[in-house]
Amino acid sequence: MANISNTTESASSNLMARALREAFYAGLVALGLFVLFVGLKTDQNILNELILVQRWGLLAIFVAIAAVGRFLSVAFIRPYLEERKAAKAAAPAQEAGFVARNFSMIAVIVLLLYPPVMVYFFGFQGSLKWVDNFGIQILIYVMLAWGLNIVVGLAGLLDLGYVAFYAVGAYSYALLSSYFGLSFWLLLPMAGIFAALWGIVLGFPVLRLKGDYLAIVTLAFGEIIRLVLINWTAVTKGTFGISGIAKASVFGIWSFDVSAANNFAKSFGLPMSSAYYKIFLFYLILALCLITALVTIRLRRMPIGRAWEALREDEIACRSLGINTVTTKLTAFATGAMFGGFAGSFFAVRQGFVSPESFVFLESAIILAIVVLGGMGSLIGIAVAATVMIGGTEMLREMEFLKHIFGPDFTPELYRMLIFGLAMIVVMVWKPRGFVGSREPTAFLRERKSVSGSFTKEGHG
Amino acid sequence: MSDNLLHVKAVETYYGNIRALAGVDVEVKKGEIVCMIGANGAGKSTLMMTICGSPQARTGSVTFEGQDITRMPTHEIARLRIAQSPEGRRIFPRMTVFENLQMGASLDNLKYFNEDVEKIFTLFPRLKERQSQRGGTLSGGEQQMLSIGRALMARPKLLLLDEPSLGLAPLIVKGIFAAIKKLNETEGLTVFLVEQNAFAALKLSHRGYVMVNGKVTMSGTGKELLANPEVRAAYLEGGHH
């Protein structure tokens, strides 16, 4: 026994020595590389003379990053990865843990508790950032991505203009509420219906298109909607946008308008704060998301949902099985668009302001990226992708400490898209089918004595 | 004539300006197995697709149970219970075997679903073993079984098979053809198949047609065609069988 522990000890000290040596070389190489690029900088002084600025501190940071990174990589990360690989090979069929099995249940409970916990830790004013910027923002994208998932993930119709339906929903609410004074609860379903109608309008001309061609037409459709919003100034006020959009109320019982008699805070004798409204909005978007998820899960088990998935797999086979591909495609567009419309009207009510600038192509691209990263068709994967992508980019605003390293002019938000892109590449290399690449079957033979355990396992869930 | 289940009359089909079928006549009677043999590019698959309405025939007519289906959309033709195992099998690769079968039954509001699934699992026990596996992970032979099984789930009056032997080992082809024969004998299923594997197809079929360059050049019972010296020279001799 002593012998064994001895060898592991010497092995680990060997490893440390090697790590230190490699770290030293890495630092040396970094020093050589960066001494002229980073350590010295030419600059103009007040007299227009070229002077040499020395930046030894910054150089030291670069060298340190290289050396420490190398050390950690050799000493800890690589042995860890190898160990994990070996462990995985040793125990291939592992029962999923408690968290993995009940992931969606736990996620819903966490989300329900999220606002009170934030209020408890940060107070009403401090929680605003966490509930609004993180919570609501992420959930809007979760809902949009789940809506797009019906079109792209289930029906396999590549839609690059999804933001058009988001815009239709947002402007439906903004215009109808400011011109006719209709309430949010009336306009929410109407926005969904309008968006669904536009989904069908888009669907008709693209019925025969597929893949790249479909993508280009939907892209154009998204741009058309945006340009109409910009140029139809008489109704939409063009690029100025529509401001002062009415707030939502709690089913008309309590209002969040400060002047209203039935103001929420007044009714309950609470101190005035804008946080109540944000928390209300958080639960509202959470409810909308859950509706989207439940509808998607239900639809997947119904003939129409199965037809969508079959359509994604093989259109010709679908037709030869008696599936009407025209109605199948149109319902996919309409259903996806409807959820985009819901999300849009929520967006309008949350911002209190809409302008065409919120509905640029980049938004479509981000939503699509979330769907692809999450794993097409997987609701949980998409929710995780939205959290990572949107939450991650929001996190950048919080990274004040980076200013101490890169100087006071450094604004991490500007690197948002760079990091977004990098993250996408990393995920796609690491998991080419997205976070959750496997598809849950929707049907399986009812458990009978003739079906062995290994078959039934896959069906549950 | 009235006992014709399917009647293809003087059908011409074009791909753009290219004429793929140059006036084809085919009759399939109830309870028959009929095959169409011919070389690559003769127009066999085009005939199959024309019966299903995609592409539609430019001239001529396709009649099923006395009803003209020449201008019907494909999915409505399928609803008349003409089921097809298309060229290249075209199973749904990311869906499980079980879900593939379920898709085949979508017309039937799943009334006979359990019964039919059992029937197909008895016919092709391999599918039962693989029922929760994804379609794309099956071997070629299993995919062909699945494709036929999926077509059978629709309780077809007429089963169209496009090259069921393509790319399969002889032993598996034998199994699949035996299954088709059994269905025909026990349930009176009418089958129309196109094949390059002339020997196996003619042996299985009651009647056969030979297609060359978009035209039917010969027809007769399976035995007659097998004995015909021209057929032997063109399609049988020099083959592996």
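Predicted model: local features only at pLDDT ≥ 70, side-chain atom pairs only at ≥ 80, totals over all residues.
Helices (H or I, at least four residues) and strands (E, at least two) are DSSP runs, numbered from the N terminus. Residues are numbered from 1 along each chain as its sequence is written, and chains are lettered from A and ligands numbered from 1 in the order in which they are written.

**Overall form of chain B**

- The radius of gyration, taken over C-alpha atoms, is compared here with a globule rule of 2.2 Å times the number of residues to the power 0.38. For 241 residues a compact globule would come out near 18 Å, and chain B has 17 Å, which agrees.
- Along the principal axes, the C-alpha atoms of chain B fill a box of roughly 45 × 40 × 35 Å.
- A residue is called buried if 20 or more other C-beta atoms, placed from the backbone, lie within 10 Å of its own, exposed if 12 or fewer do, and partly exposed in between; 50% of the 241 residues of chain B count as buried.
- Two residues are in contact if their C-beta atoms, placed from the backbone, lie within 7 Å. Among the contacts in chain B with a separation of 6 or more, 67% are between residues 24 or more positions apart.

- Two strands pair if DSSP finds at least two bridges between them. Strand β3 (residues 33-38) of chain B runs parallel to β8(B) and is joined to it by five bridges, and B:Met36 has B:Val194 as its bridge partner in β8(B).
- Strand β7 (residues 158-162) of chain B is also parallel to β8(B), with five bridges between them, and here B:Leu161 has B:Leu193 as its bridge partner.
- From β7(B) the chain passes through helix α7 (residues 170-187) of chain B to β8(B), in a β-α-β crossover that is right-handed, meaning that, with the strands pointing away from the viewer, the path from the first strand over the helix to the second runs clockwise.

**Where chain B touches chain A**

- The contact takes 24 residues from chain B and 23 residues from chain A.
- On the side of chain B that touches chain A, the elements giving two or more residues are α2 (74-79) and α3 (97-104) of chain B, and α3(B) gives the most, with five residues.

**A loop residue, B:Gln133**

- B:Gln133 lies in the loop between α5 (125-129) and α6 (140-152) of chain B, and this residue is partly exposed, with 17 other C-beta atoms within 10 Å.
- Leaving aside neighbours within four places in sequence, B:Gln133 is in contact with B:Thr96, B:Val97 and B:Leu138.
- B:Gln133 and B:Glu99 stand 34 residues apart in sequence, and their C-alpha atoms are 9.8 Å apart in space.
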